[in-house]
Amino acid sequence: MKFPSIFRTSSPQRFDIKPRYYDPVKEEIEERTSRIKQELKEEGLISGDDENPMGYGAGIRGSFSNYRGIKQRDTNLFSSTAMIRTIIFFGLIAASFGYIYIGPEIFTYLTYGAVIVGAVYFFFRIKKQGKR
């Protein structure tokens with residue numbers, strides 16, 4: 001059973017090897033068909049424009065025509081998960097050292113500080129939304 005954690009742990013990489021098989025019969029068939037197609041193109045019995053029998057090229061060309069550019073990331077400092085983890089980590093360290101040196105009153109001080117910081121954050125966030 002995995003316990004929840006605020007830290008990201010790495011997972012082991014899986015070993016995945018795809019073996020290659022050499023099939024001389026298949027290779028000979030592909031070589032013969034390509035040689036016959038080349039001879040038929042030289043004689044003019046088939047057109048040389050049919051390079052892609054599956055029709056993959058048209059879909060790829062069409063998908064690039066709708067390109068709108070790379071979407072920019074949100075650069076807000078508090079939207080980053082790593083920054084939030086860092087703030088929580090330093091808050092826990094401050095609470096533990098404060099409890100050792102000041103006593104249980106540190107929790108009251110930290111609560112007041114968190115409320116003030118949260119109020120300032122939401123004030124600027126609401127102010128920023130009002131400009132839009």
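User: Why is R8 called exposed?

Analyst: In this predicted model, R8 has a relative accessible area of 69%. Exposed means over 50%, so R8 is exposed. R8 lies in the segment before helix 1. The C-alpha atom of R8 is separated by 9.9 Å from that of A82, although the two residues are 74 residues apart along the chain.

User: What makes D23 partly exposed?

Analyst: The relative accessibility of D23 is 40%. Buried means under 20% and exposed over 50%, with partly exposed in between, so D23 counts as partly exposed. D23 is found in the segment before helix 1.

User: Which residues gather with D23 in a patch of negative charge?

Analyst: The patch on the surface holds E27, E28, E30 and E31 along with D23. Asp and Glu count as negative, so the patch is one of negative charge.

User: How do you know that the length of helix 1 agrees with its number of residues?

Analyst: Helix 1 covers residues 24-43, which is 20 residues. At 1.5 Å a residue, helix 1 should span 28 Å, and its end C-alpha atoms are 29 Å apart, so the two values agree. Just after helix 1, G44 has a positive phi of about 90 degrees.

User: What span does helix 3 reach, and what span is expected?

Analyst: From its first C-alpha to its last, helix 3 reaches 30 Å, close to the 30 Å expected for its 21 residues at 1.5 Å a residue. Just after helix 3 comes G103, with a positive phi of about 115 degrees.

User: Why does I88 count as partly exposed?

Analyst: I88 has 41% relative accessibility. The place of I88 is in helix 3, residues 81-101.

User: Which nonpolar patch includes I88, and how much accessible area does the patch have?

Analyst: I88 forms a nonpolar patch on the surface with I6, F7, I84, F89, F90 and L92. Together these residues have about 680 Å² of accessible area.

User: How many helices and strands does the protein have?

Analyst: The protein has four helices and zero strands. From the N terminus on, the elements run α-α-α-α.

User: What percentage of the residues count as buried?

Analyst: Of the 132 residues, 3% count as buried. The accessible surface of the protein comes to about 13400 Å², and 61% of this surface belongs to carbon and sulfur atoms.

How values were computed. Residues are numbered from 1 along each chain as its sequence is written. This is a predicted model: local features need pLDDT of at least 70, side-chain atom pairs count only at pLDDT 80 or more; totals for chains, interfaces and linings use all residues. Side-chain values use heavy atoms; hydrogens and water are left out. Helices (H or I, at least four residues) and strands (E, at least two) are DSSP runs, numbered from the N terminus. Buried means under 20% relative accessible area, exposed over 50%, partly exposed in between (1.4 Å probe, protein chains only). Accessible areas come from the Shrake-Rupley method with a 1.4 Å probe; for residues, only the protein chains shown count as cover. The expected span of a helix is 1.5 Å times one less than its number of residues. Patches are made of residues with over 30% relative accessible area and no salt bridge: like charges are joined within 9 Å, nonpolar side chains (Val, Leu, Ile, Met, Phe, Trp, Tyr) within 5 Å. A salt bridge is a side-chain nitrogen of Lys or Arg within 4 Å of a carboxyl oxygen of Asp or Glu. The place of a charge is taken as NZ of Lys, CZ of Arg, CG of Asp or CD of Glu.
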